[in-house]
Amino acid sequence: AFAGNNVVIRWNAASNATYRVQFAPSLAPSNWTDLAGDVLATGGIASKTDIRTGTNRFYRVRVQP
């Protein structure tokens, strides 16, 4: 979702799980970059905000051990 100059990524989450959001300009498996700051879910929905850029960004969410 877009919120002004930001992109908001939301996903279904497990409470008390830690997630890392990454982005890449393509879906190539070796090009992923971490967004700063992991997300600790406090309920069934978690989210992370990123700054909207003029280039394409694909996002993925990874559960941290």
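This is a predicted model: local features need pLDDT of at least 70, side-chain atom pairs count only at pLDDT 80 or more; totals for chains, interfaces and linings use all residues.
Local features require pLDDT of at least 70 and side-chain atom pairs count only at pLDDT 80 or more, while totals for chains, interfaces and linings use all residues. Residues are numbered from 1 along each chain as its sequence is written, and side-chain values use heavy atoms, with hydrogens and water left out.

**Exercise 1.** State which secondary structure elements the protein chain has, and in what order.

*Solution.* Helices (H or I, at least four residues) and strands (E, at least two) are DSSP runs numbered from the N terminus. The protein chain has seven strands and zero helices. Its pattern along the sequence is therefore written β-β-β-β-β-β-β.

**Exercise 2.** Decide whether the radius of gyration of the protein chain agrees or disagrees with that of a compact globule.

*Solution.* The radius is taken over C-alpha atoms, and the globule rule is 2.2 Å times the number of residues to the power 0.38. For 65 residues, a compact globule would have a value near 11 Å. The protein chain has 12 Å, which agrees. Along its principal axes, the C-alpha trace spans about 35 × 30 × 15 Å.

**Exercise 3.** Locate alanine 36 and classify its exposure.

*Solution.* Alanine 36 lies in the loop between strand 4 (33-34) and strand 5 (39-40). Buried means under 20% relative accessible area, exposed over 50%, and partly exposed in between (1.4 Å probe, protein chains only). Alanine 36 has 71%, so it is exposed. In the protein chain, 28% of the 65 residues count as buried.
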